[in-house]
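Please look through the structure below with the following briefing at hand.

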Amino acid sequence: MLTILFIANRLFSTMRCGPRPVVLCGPSGSGKTTLLNRLFKEFPNTFGFSVSHTTRKPRPAEQDGVHYNFVEKDVMKKMIANGEFIESATFSGNMYGTSKEAVRKIQAAGKVCILDIEPQGVEQIKKTDLNPILIYNNPPSIEALEKRLRKRNTESEETLNNRLAAAREEIAYGLTPGNFHKIINNIDIDEAYEDFRSYLLAELKAQELDGVTICW
């Protein structure tokens, strides 16, 4: 009996409890970063960003551990094999993933964890016990998306075409009924942010009233 209690206590001590995490999905260049930056600036003590791992090289001004955890492919493959990721995906030849530790850090700080992941990752995280709030950020059009990506001046013609091809698939996935709880039509950034903000605050209020927490 004492052994069972000891094991149970150890198990509970390794769990993390908190509000449901938020998943924000949308094509590269759709305005996700702008939405999140505004949210974190307005609510610095409420929301926290889960820093993903990736095998791609940093872009100018990107910082390791801030924008992404930049790792080599062999390192990331080993971490995935060890079960250290909630979800992982390959996009444009590069690997991306959300580690369990990244989410736990946010929960340990008492914040709502926000994850920015691709459709492959969305499907994986749906199969976990995290029960995330799923939000899709929809760009105005493929043409508008291409203009934004070209303005960045960070892509070769080949990688740009790959991103646009992936974006078409992602838009189709994002607009499929049942895949997300909420769709943000990001045409005007101010209106999009107000829609995003209002939805999140309403969800958090509902969770608070219902006493909903996720432990894992």
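This is a predicted model: local features need pLDDT of at least 70, side-chain atom pairs count only at pLDDT 80 or more; totals for chains, interfaces and linings use all residues.

Residues are numbered from 1 along each chain as its sequence is written, and side-chain values use heavy atoms, with hydrogens and water left out.

**The protein as a whole**

- The secondary structure comes to eight helices and eleven strands, which are DSSP runs numbered from the N terminus (helices H or I with at least four residues, strands E with at least two).
- Of the 216 residues in the protein, 44% are buried.
- The accessible surface, computed by the Shrake-Rupley method with a 1.4 Å probe, comes to about 11900 Å², and 53% of it belongs to carbon and sulfur atoms.

**Helix α7**

- The 18 residues of helix α7 (residues 157-174) should span 26 Å at 1.5 Å a residue, and this agrees with its end C-alpha atoms, which are 25 Å apart; the expected span is 1.5 Å times one less than the number of residues.
- An α-helix has 3.6 residues a turn, so residues three or four places apart point the same way.

**Arg-20 and Asn-131**

- Arg-20 lies in the loop between β1 (17-18) and β2 (22-25), and it counts as buried because its relative accessibility is 13%.
- A polar atom of the Arg-20 side chain lies 2.6 Å from the backbone oxygen of Asn-131, and a polar atom of that side chain lies 3.2 Å from the backbone oxygen of Pro-132.
- Asn-131, in the loop between α5 (119-126) and β9 (133-138), is partly exposed, with a relative accessible area of 41%.
- Although Asn-131 is a residue other than glycine, its phi has a positive value, near 50 degrees.

**Ala-61**

- Ala-61 lies in the loop between β4 (53-54) and β5 (69-70), and at 72% relative accessibility it counts as exposed.
- Ala-61 is not a glycine, yet it has a positive phi of about 80 degrees.

Conventions
Buried means under 20% relative accessible area, exposed over 50%, partly exposed in between (1.4 Å probe, protein chains only). A polar contact is a pair of N or O atoms within 3.5 Å; within protein, one must be able to donate a hydrogen and the other to accept it, and residues adjacent in sequence count only if both atoms are side-chain atoms.
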